[in-house]
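Here is a short report for a reader new to this structure. Please look over the sequence and the model first.

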Amino acid sequence: MPHGVPSIIVTDEEGVVVRLLIAMPDAARALQVQTMLYARWERWEVVVCCDGGEVLAKLRQEYFDLLLLHSCLPGVDGIGILHILQVWQLICPPRILFLCAQESAVRTQVDCVAPITAGAQQLCTLLELLSKKPLPRLAAAEREHISRVINEFFDELSMSRGLKGRTYAVWILGGLIPSPAGEALPVNEWYSRCAAVHGTTGAAVERCLRVAVESVFTQGSMIGIERCFGATVDPEKGKPTNRAFLVQVTWHLRQRMNDYSFTVARSLNNIEMHHRPAAPTSV
């Protein structure tokens, strides 16, 4: 299994830095897109490759939010790269903007298709739109598998299947695990998206999640808690916040699903991680 999983989410003072891999045979055209992106929005990190084999090597070693993929690449062409990505089943795949002559051949495999002749301005606009897409199409195919892994882990934590908060947590994690950029979204954005799908309110999602998290740290499995949270949870300081819980579980399950050891030690900010437990509640 390729290790295309981020070890850290790169951010600046204003938000997440979007990582883009441009795979085009024309280096000059790729540079034009890169320059235009930097001019429109500085929070881009752009890597350019002109050979299909080099593209695959980059995707094996690094995480990218977006892939601008030309169909006519030397070495391994664009269609070949798409087929390989499907076989790899990356947990955190990129959103793909594919440049080709016939859209119908790849429409089900990519997030967006554009003609080979598309100009740099049009490509930049499409890339900016794709950077805000909640879930890459390649990841959507793995949603059922990811959901199963999340539920198995919650069983290990002894989180009751009868809690509404567990249902909401599974849905939110199903989007966070394959899309690391989502970690930088405000937590209320997670709640509102989840609420829209489940026909409830953001406040109800927050409350039910809080109850589910509290149940883990008051009645759950200490072995499961230790395995995921280690020494980051201090019983004297209470349970983690909803956000801290979801992010920590996201990192843990990415590592588990990829059998991947992060190269950067991660620990949550102590202030965010803990708050005093509220009075016992039930939902």
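## The sheet

Strands E4 and E5 run parallel and are joined by four bridges. Across this pair, Phe-98 stands opposite Val-113 in E5. The model described here is predicted.

## Helix H4 and its cover

Helix H4 spans residues 120-130. Its buried residues are Ala-120, Leu-123, Cys-124, Leu-126, Leu-127, Glu-128 and Leu-130.

What covers them? The cover includes helix H1 (27-40). It also includes strands E1 (18-23), E2 (44-49), E3 (66-70), E4 (95-100) and E5 (112-115).

## Helices H9 and H11

Two packed helices are described by the angle between their axes and the distance between the axes. Helix H9 covers residues 202-219, and helix H11 covers residues 242-258. Their axes come within 10 Å and cross at roughly 65°. That makes H9 roughly perpendicular to H11, because angles of 65 to 115 degrees count as roughly perpendicular. H9 passes H11 in a left-handed crossing.

Which residues make the contact? From H9 come Glu-206, Leu-209, Arg-210, Val-213 and Phe-217. From H11 come Asn-242, Phe-245 and Leu-246. By class, the contact has five nonpolar, one polar and two charged residues.

## Ser-215

Helix H9 also holds Ser-215. Is Ser-215 buried or exposed? Its relative accessibility is 13%, so Ser-215 counts as buried, the cut-off being under 20%. Leaving aside residues up to four places away in sequence, Ser-215 touches Met-159, Leu-163 and Gly-220.

## Two loop residues with positive phi

Gln-89 lies in the loop between helix H3 (78-88) and E4. Its phi is near 55°, a positive value in a residue other than glycine. Gln-89 has a relative accessible area of 40%, so it is partly exposed.

Ser-158 lies in the loop between helix H6 (143-156) and helix H7 (164-176). Phi of Ser-158 is near 65°, a positive value in a residue other than glycine. With a relative accessible area of 43%, Ser-158 is partly exposed.

Definitions and conventions
Residues are numbered from 1 along each chain as its sequence is written. This is a predicted model: local features need pLDDT of at least 70, side-chain atom pairs count only at pLDDT 80 or more; totals for chains, interfaces and linings use all residues. Side-chain values use heavy atoms; hydrogens and water are left out. Buried means under 20% relative accessible area, exposed over 50%, partly exposed in between (1.4 Å probe, protein chains only). Contact means heavy atoms within 4.5 Å. Axes are lines fitted to C-alpha atoms, for helices over the stretch in contact, and angles run from 0 to 180 degrees between N-to-C directions. Angles under 35 degrees count as roughly parallel, over 145 as roughly antiparallel, 65 to 115 as roughly perpendicular and the rest as oblique. A crossing is left-handed if the near helix is turned anticlockwise from the far one by less than a right angle, and right-handed if clockwise. Ala, Val, Leu, Ile, Met, Phe, Trp, Tyr, Cys and Pro count as nonpolar, Asp, Glu, Lys and Arg as charged, and the others, Gly among them, as polar. Two strands pair if DSSP finds at least two bridges between them.
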